[in-house]
Amino acid sequence: MILNPCATLILWICATGLIPVVVGQESTTKLLDIDNGVVCHINTEAISKRDVEGRMGAIGDLLRRRRAEWEAAGQWNVEVEKKWNNEYIPEFRNALRRVARDRMMLQAAREEKLTIVQKDFEKKCQSELKRLRSMDHQLAKLYTASDIQTAVREQMLINAFRSKFCSVLEQPTRREVEN
């Protein structure tokens, strides 16, 4: 029996516990505890838990910090875990959707051989480096120049892919609007 990719993804998510599995009357939710485990694949590209959590932003940091505090204080139990999962899972799903959408756009942009202007790329990399350095000294140390270049290149390719669809639509002329 061959399943389509969506069915395979749904079965995998259920198997890993990202979606609660109902057995009888009980619902059990067990999140993937591996820090950088693969969450899903988009064509041949793997998306890790760390990639998704990176897209969760401040709420993800807050939830992870709160969990660490509860664990350190010995207050982590089934009830607290359910409460934490109720906050974490929807945020994780939303971030996963954003990461998957971006990966699909990047793959389509590469397939169509979209390019970016090198001068704009270098200018954007320099501005991102300056922005990170001015924000927080510790934050700037977390990212290498190649990390920043990769992120900027990917974002520029995504923007180029999106703009392709904006320019396809013809804007109405005055005569068309009046008629």
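Predicted model: local features only at pLDDT ≥ 70, side-chain atom pairs only at ≥ 80, totals over all residues.
Ala, Val, Leu, Ile, Met, Phe, Trp, Tyr, Cys and Pro count here as nonpolar, Asp, Glu, Lys and Arg as charged, and the others, Gly among them, as polar.

| Class of lining residue | Number |
|---|---|
| Nonpolar | 12 residues |
| Polar | five residues |

Residues are numbered from 1 along each chain as its sequence is written, and side-chain values use heavy atoms, without hydrogens and water.

The chain holds eight helices and four strands (DSSP runs, H or I of at least four residues for helices, E of at least two for strands, numbered from the N terminus). Their order from the N terminus is α-β-β-β-β-α-α-α-α-α-α-α.

The chain has 179 residues, and 26% of them are buried (under 20% relative accessible area, 1.4 Å probe, protein chains only).

Now the largest pocket. A pocket is an open set of points on a 1 Å grid over the protein atoms alone, with protein on both sides within 12 Å along at least five of seven lines; lining residues have an atom within 4 Å of a point. The space in the largest pocket is about 1200 Å³, a volume filled by probe spheres set on the points, which are joined across faces, edges and corners. Its lining counts 30 residues. Nearest the centre lie Asp51, Gly54, Arg55, Tyr143 and Ala151. Helix 7 gives the largest share of the lining, 10 residues.

How values were computed: 1 Å grid on protein atoms, 1.4 Å probe; cavity = no way out; pocket = protein on both sides within 12 Å on 5 of 7 lines; lining within 4 Å. Buried < 20%, exposed > 50% of the residue type's maximum accessible area, 1.4 Å probe, protein only.
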